[in-house]
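Try each task before reading its solution.

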Amino acid sequence: MATPDPRLQATMGLVLLACLPGLLALFWLHGWGLLLNLLLCASAALLCEALLLRLRGEPGRAALADGSALVSAVLLAAALPTHAPWWLPMIAASVAIGIGKQAFGGVGRNLFNPAMVGYAFVLLSFPLQMNHWPGQAPGLSDSLQVVFGGGEQIDAWAQPTVLDGLRHNRSLTIDELFASHPGFGRVGGRDSEWVNLGFLLGGLFLLLRKVISWQTPAGLLAGLLLFSLLAWNGSGSDSNGSPLLHLFSGSTMLAAFFIATEPVSGPKAGLAKLFFGLGAGLLIYLIRTWGNYPDGTAFAILLMNLSVPALERLAAWRQQATT
């Protein structure tokens, strides 16, 4: 009987542990919808993986026990709206595992980040349902009614729409926008400031435990910081937002430490990782500022996944040139 890789299990366990601060912040701000997301994504991901492994005649117990499908489900649940209808996280998780992972041969073979494949699919397919973020954390019964039907749909400002509101602002200065808009906090999105701090704390834990290397998150944060600083024109009504706003709004820290660092779909060489992060940071800023989607993390990561072979060749050429 095949047994799961203990090293992979340990790594996935540390990633799940590092997610806890960000997930707790999400739960504090958005309530029980996050737990429902986690249960729905995890159930769909594990069921889809078990079914596809069975159809391919491969031993499923070891693959399910390695924790990779569960990590993809948790990252997906953290990125999805916390009060979307129940079927949306299940579709997203099934697409993430079925198309993003198993279609390429399973763990260690995926060309794209599985969680972002699932996220991009539902974002393009169900844009209305992808905006069900609550302004306040509803109780368990209200969350169940909203997620499983029969309750009023929540429609309020939250982390993606803060970036959307900034991009479409034409009359208010940044100071006026922060003062008048309930979705803005001290430096970024009111809710997403705490969520980003939580995932930043978890990311630093992964760096200390050497689960991830520093190049990809440093490159992404530096790229986003640099390009937002170059394009920042102060607090005028046509401002694209300060570097701090971009660092602590949307899914920046989740992207930098948990999504962009996915080892299979990302580069292996240190220099290639740095350029991968820089490119992702630039694309996130461009999509946030001039694209049709308020955050842009999923599309930025998927586009950079396509560039991995070129980045690896560039890193190899650079190493040869210096030896």
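Predicted model: local features only at pLDDT ≥ 70, side-chain atom pairs only at ≥ 80, totals over all residues.

**Exercise 1. A helix and its surroundings**

Which residues of H15 are buried?

*Solution.* 
- Step 1: Locate H15, which covers residues 297–306.
- Step 2: Apply the cut-off, under 20% relative accessible area for a buried residue. The residues that pass are Thr297, Ala298, Phe299, Ala300, Ile301, Leu302, Met304 and Asn305.
- Step 3: Eight of the 10 residues of H15 are buried, so the helix is largely enclosed by the rest of the structure.
- Step 4: Look for the partners. The buried residues of H15 pack against helix H6 (114–125), helix H13 (252–259), helix H14 (270–290) and H16.

**Exercise 2. Two helices and their angle**

Describe how H15 and H16 (residues 308–321) are placed relative to each other, and what their contact is made of.

*Solution.* 
- Step 1: Two packed helices are described by the angle and the distance between their axes.
- Step 2: Here the axes of H15 and H16 come within 4 Å and cross at roughly 55 degrees.
- Step 3: Angles from 65 to 115 degrees would count as roughly perpendicular and those under 35 as roughly parallel; H15 is therefore oblique to H16.
- Step 4: List the contact residues. H15 supplies Met304, Asn305 and Leu306, while Val308, Pro309 and Leu311 come from H16.
- Step 5: Sort them by class, which gives five nonpolar residues, one polar and no charged.

**Exercise 3. A buried glycine**

What does Gly219 touch, leaving out residues up to four places away in sequence?

*Solution.* 
- Step 1: Find Gly219 in helix H11 (residues 215–231).
- Step 2: Check its accessibility: at a relative accessible area of 0%, Gly219 is buried.
- Step 3: The residues touched by Gly219 are Leu274, Gly277 and Leu278.
- Step 4: Compare sequence with space. Gly219 and Gly277 are 58 residues apart along the chain, yet their C-alpha atoms are 4.2 Å apart.

**Exercise 4. The core and the cysteines**

How many residues does the largest nonpolar core have, and how many disulfides does the whole structure hold?

*Solution.* 
- Step 1: The largest nonpolar core has 73 residues, and Leu76, Leu80, Tyr119 and Phe258 have the most contacts inside it.
- Step 2: Helix H4 (residues 68–79) contributes the largest share of this core, with nine residues.
- Step 3: Turning to cysteines, Cys41 counts as buried at 0% relative accessibility, and Cys48 is buried at 14%.
- Step 4: Searching the whole structure for disulfides gives zero.

Note on methods. Residues numbered from 1 in each chain as written. Heavy atoms only, no water. Core = buried A, V, L, I, M, F, W, Y, C linked by side-chain atoms within 4.5 Å. Buried < 20%, exposed > 50% of the residue type's maximum accessible area, 1.4 Å probe, protein only. Disulfide = S-S within 2.5 Å. Axes fitted to C-alpha atoms, helices over the stretch in contact; angles between N-to-C directions. Parallel < 35°, antiparallel > 145°, perpendicular 65-115°, else oblique. Contact = heavy atoms within 4.5 Å. Nonpolar A, V, L, I, M, F, W, Y, C, P; charged D, E, K, R; others polar.
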